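Here's a quick tour of a protein fold for you. Have the viewer ready and follow along.

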Amino acid sequence: MFLALWPGNVYPLGASWDGKGTNFALFSENATGVELCLFDKDDQETRLTLTEVSNFVWHGYVPGVGPGQRYGFRVHGPYAPSEGHRFNPNKLLIDPYTKAIDGEVGNGPEIFGYSWDSPEEDLSFSDLDSAPLIPKSVVVDQSFDWEGDQLLRTPWHETLIYETHVKGFTKLHPDIPEELRGTYAGMSHSAAIEHLQRLGITAIELMPVHHFLSSPGHLADKGLRNFWGYDSVNYFAPYSGYSSSGSLGQQVTEFKEMVKALHRAGIEVILDVVYNHTGEGNHMGPTLTLKGIDNSIYYRVVEDDPRYYMDFTGCGNSLYVRHPQVLKLIMDSLRYWVLEMHVDGFRFDLASALARELYEVNSLAAFFDIIHQDPVLADVKLIAEPWDIGDGGYQVGQFPVLWSEWNGRYRDTVRDFWRGEDSTLGQFAYCFTGSPDLYALNGRRPNASVNFITAHDGFTLNDLVSYNEKHNEANGEDNQDGESHNRAWNCGVEGETDDPEVLQLREQQRRNFLATLMLSQGIPMILGGDEIGRTQKGNNNAYCQDNEISWFDWDLEQGNKDLVNFTRELVYFRHQHPVFRRRKWFQGRAIHGQGISDIAWFNPDGSEMTQEQWDIGYAKAIGVFLDGNQLPSVGPKGERISDDSFVLFFNAHYETIEFTLPTALAELENREWIVVIDTKEPRFVQEERLYKSSQTVTVAARSLLVLRRQG
């Protein structure tokens, strides 16, 4: 087949169709040659040598080539791993800027740049052609009728995040047609959206949808798959395995339809993105894309031994974010997902790795500076997972303005409080008020703290109260993988049980965690499925479990029906009362002390907490008053916002405690209080339970009471 090749343009990178033909452009600073490889429907390959090079960009225009065309690149250059170069033209490479990918990476020695059976290991050179095992990049038509859709821009203080997985959420849903389950189309089905709406969710945070390495060899050998998707091989293409259509490039359209449907329902879409590493692994990993395009440019190699990689992620490699082209790749990807795919925000996996310009994490790194001034990205939600596995990688509270963070300290503190650990009361108070000790000093507000009890990585909420130890045997690693210190408590029995007392306590603990989460200042994030009692049977690292361990079970027992209804009531309660989602910090002085009017902390006897009492390690019960008349923010039209006032009694002790309604402040004298939430009960309180100032209120062991001021 004869195809003309014109010089084309250096910009944009990737494949760009103009209605008459397609321009192809690839950055490689150290390559000596680049071949564009076009594949027909029978997988017959036609190679075109790109002769035009401008600013290290190899480019060419092929008239007559359009949407649906499958392609890849072969890049020539030195194969010198000891010098950081791993060029091998026998390896077909995925375009890092392609907008769609057809199929999955296959397994076999062909996908490696070196010879498997060579005693030189990765220093050897492989002559095997990888094309049959490499998914092809696809030219796409970006046109789409958004019907006026725009980013929702839900204010941070009104945001409630639901972390979930496209496939896991929908795979077993009985009301979604079977052919749509596990796909973007399933996620946009009315049954899926109705559940989110009834729950009161304002944003879903989708686990990785960038096309990823789904069956790496070490998992394929055990009959397992990469379910979570934290091994990206491209940062523009939505994962093709979540498409309900077999048509080339249709995953792009299907993803857009999903976003449009969710937006129509008032739900933002936040993507979990993995710009810290790729699925190509370390020096023994496969050659799929960046490694073969220009290894030493795209990855951080060890300076004095560039055969090896700097690894701040535990996944074998780290992107070289200091290089302008790598920064451009990340920024182009982020802007693409906002402008072309209408995504509302991002959660950055192991974000500390992106801030390592040299070795230490630097909150003033170029990555943050560029995002800060970008007119597209400065107005979307930016969430950091503020740690990596390198030295000094734990950076909770250290990210700059514009950024919110997964507050790992909140998770650990609230878990410890409700399982009755000593020395947690003072830190619990900080966490409940949005963690001002972490975020108030650098100009950020309570929305900097994304509060969570559970996330995809670790126990589900049900398992947090059902297991003391991880049970990851199904992962095939002799239960050695996953976190061993989970701050979990099984309520007396490990795993499944029919003991009614244990089951009742577990249900109560689940309500304690959810109520604490919803009543805390900051941004709450629910792990998808926690509201329906989802269990992973004690597996706290189900990254490779593409099966019933990870898929949501929608066949609810009575306890879980009560739980989902209780969660809905909690979310509605939070949305209804701005005192629990303040835009600004509590005023006066620090949390500890007396005389403040918008918040006050009390002992069970009704007296205000003293500094000495905060330091008592064994205390496990506390009361807090929140004054709804002292809200410092105004509404969108400048109107004053006021709310009810509340008293909350927390009892993490194993015995019942009598709390006295406080009268120490003028706002508390001669008042009546009605109980609205008692976590000992499966639903919000229905019968009237009215108390007056100075009266004693019985708070059951390991429970939380919320009382609203009457009049």
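In what order do the strands of the open sheet of 5 strands come? The order is S4-S3-S7-S11-S10, and the pairing is antiparallel. Keep in mind that this is a predicted model.

**The sheet**
- Strand S4 (45–50) and strand S10 (101–102) are at the edges with a single partner strand each, so one side of each has no neighbour in the sheet.
- Strand S3 (residues 33–39) and strand S7 (residues 70–76) run antiparallel and are joined by 7 bridges.
- Look for Leu38: its bridge partner in S7 is Tyr71.

**Around Trp418**
- You'll find Trp418 in helix H9 (residues 408–418), and it's buried, with a relative accessible area of 0%.
- Beyond its neighbours within four places in sequence, Trp418 is in contact with several residues, including Phe513, Phe650 and Leu704.

**Aromatic rings**
- The structure has 52 aromatic pairs.
- One of them is Phe27 with Phe56, an edge-to-face pair at 6.2 Å centre to centre, with 80 degrees between the planes.
- This pair links distant parts of the chain, as Phe27 and Phe56 are 29 residues apart.
- Phe27 counts as buried at 8% relative accessibility, whereas Phe56, at 40%, counts as partly exposed.

**Charges over rings**
- Lys136 lies over the face of Phe39, 5.0 Å from the ring centre.
- Over the ring of Trp156 sits the charged end of Lys381, 5.2 Å from the ring's centre.

Definitions and conventions: Residues are numbered from 1 along each chain as its sequence is written. This is a predicted model: local features need pLDDT of at least 70, side-chain atom pairs count only at pLDDT 80 or more; totals for chains, interfaces and linings use all residues. Side-chain values use heavy atoms; hydrogens and water are left out. Two strands pair if DSSP finds at least two bridges between them. Helices (H or I, at least four residues) and strands (E, at least two) are DSSP runs, numbered from the N terminus. Buried means under 20% relative accessible area, exposed over 50%, partly exposed in between (1.4 Å probe, protein chains only). Contact means heavy atoms within 4.5 Å. Rings of Phe, Tyr and Trp (its six-membered ring) pair if their centres lie within 6.5 Å; planes under 30 degrees apart count as stacked, over 60 as edge-to-face and the rest as tilted. A charge sits over a ring if NZ of Lys or CZ of Arg is within 6 Å of the ring centre and within 35 degrees of the ring normal.
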